[in-house]
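Work through the exercises below with the structure on screen. Try each task before you read its solution.

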Amino acid sequence: MKRTAGNEKGEHLSMGAPAKAPDQRPELPDFWDKRFDQGVMPWDAGSVPAAFARFAARQPRPLSTLIPGCGSAWEAAHLAALGWPVTALDFAPAAIAKARAVLGGAPVDLRCADFFTFTPARPCDLIYERAFLCALPRKLWPDWARQVAQLLPPDGLLAGYFFICDQAKGPPFGILQKQLEELLRPSFTCIEDDPANDSLPIFAGRERWQVWRRHASSSPV
Ligand SMILES: C[S@@+](CC[C@H](N)C(=O)[O-])C[C@H]1O[C@@H](n2cnc3c(N)ncnc32)[C@H](O)[C@@H]1O
């Protein structure tokens with residue numbers, strides 16, 4: 001799916017209302033570029049969240065990992081230091097510039113690309129989620145679920161943090177546990193679910209650490 005600043009469906013135009021500026025539309029890179037450029041990043045932990053660090057430490061082998069919507073890429077730097085193969089991607093050039101500075105010389109495959117049209121150069125065992133699904137307007141959630149299911153092999157893992165609440169205005173856009181299950185259950189089983197205990201204020205009390213395993217045989221959503 002290609003997202004552009006133009007109003008392809010003409011929805012706003014037909015109503016006589018002006019279309020939103022690109023930097024007011026979180027489905028476009030302009031929205032995120034503006035926030036990175038201005039240093040307004042209330043989602044940016046500046047470190048690796050604890051449950052994810054514990055999860056990585058207990059894996060018996062390195063997992064080939066994809067981090068969509070990586071932002072500053074703190075977790076990618078951590079995994080690369082553990083010797084894991086990591087692809088980190090973001091569609092906002094300003095996020096990629098920040099990630100490049102955080103990563104320094106770390107061996108991470110850093111890509112400026114749209115998750116919805118991205119084809120990884122290597123198969124991935126793990127997709128790490130943090131503040132990416134909740135950055136997406138709700139209309140994109142079925143596409144997100146389809147893409148994570150397509151990118152992971154049977155037994156592949158989707159692990160990370162989910163913003164579980166009914167916050168309609170975003171980003172961050174809240175998702176109810178029931179809605180998340182409707183998106184993921186056709187292709188995944190939830191194998192871990194715990195409250196996060198080191199959330200930033202913007203997510204506090206509403207963030208859960210979850211691990212979902214790809215079914216051996218099922219069709220994507
Ligand atoms: C709220 S930030 C979270 C960044 C990072 N995951 C973190 O935890 O700090 C959301 C990020 O997703 C990126 N993003 C949003 N939609 C995207 C898409 N379709 N493809 C790739 N990146 C996307 C944005 O540019 C932004 O950097």
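**Exercise 1. Find which residues come nearest to the ligand, and sort its shell by residue class.**

Step 1. Now sort the shell: 13 residues are nonpolar, 3 polar and 4 charged. Nonpolar covers Ala, Val, Leu, Ile, Met, Phe, Trp, Tyr, Cys and Pro; charged covers Asp, Glu, Lys and Arg; the others, Gly among them, are polar.

A note on the source: this is a predicted model, in which local features need pLDDT of at least 70, side-chain atom pairs count only at pLDDT 80 or more, and totals for chains, interfaces and linings use all residues. Residues are numbered from 1 along each chain as its sequence is written.

**Exercise 2. Describe how helix 2 and helix 5 pack.**

Step 1. Locate helix 2 at residues 29–38 and helix 5 at residues 93–103. Helices (H or I, at least four residues) and strands (E, at least two) are DSSP runs, numbered from the N terminus.
Step 2. The two axes come within 7 Å and cross at roughly 45°. Axes are lines fitted to C-alpha atoms, for helices over the stretch in contact, and angles run from 0 to 180 degrees between N-to-C directions.
Step 3. Helix 2 is therefore oblique to helix 5. Under 35 degrees is roughly parallel, over 145 roughly antiparallel, 65 to 115 roughly perpendicular, and the rest oblique.
Step 4. Helix 2 contributes Pro29, Trp32, Asp33, Phe36 and Asp37 to the contact, and helix 5 contributes Pro93, Ala94, Ala95 and Lys98. Contact means C-beta atoms, placed from the backbone, within 7 Å.
Step 5. These residues comprise 6 nonpolar, no polar and 3 charged.

**Exercise 3. Read the strand order and find the edges of the sheet.**

Step 1. The open sheet has 7 strands in the order 3-2-1-4-5-7-6, with mixed pairing. Strands pair if DSSP finds at least two bridges between them.
Step 2. Strand 3 (109–112) and strand 6 (188–195) each have a single partner, so one side of each lacks a neighbour in the sheet.
Step 3. From one strand to the next, the twist averages 20°.
Step 4. Strand 1 (residues 65–68) runs parallel to strand 2, joined by 4 bridges. Ile67 has Ala88 as its bridge partner in strand 2.

**Exercise 4. Is Leu82 buried, partly exposed or exposed?**

Step 1. Leu82 sits in the loop between helix 4 (74–81) and strand 2 (86–90).
Step 2. Count 13 other C-beta atoms within 10 Å, so Leu82 is partly exposed. Buried needs 20 or more, exposed 12 or fewer, and partly exposed is in between, with C-beta atoms placed from the backbone.

Notes. Two residues are in contact if their C-beta atoms, placed from the backbone, lie within 7 Å.
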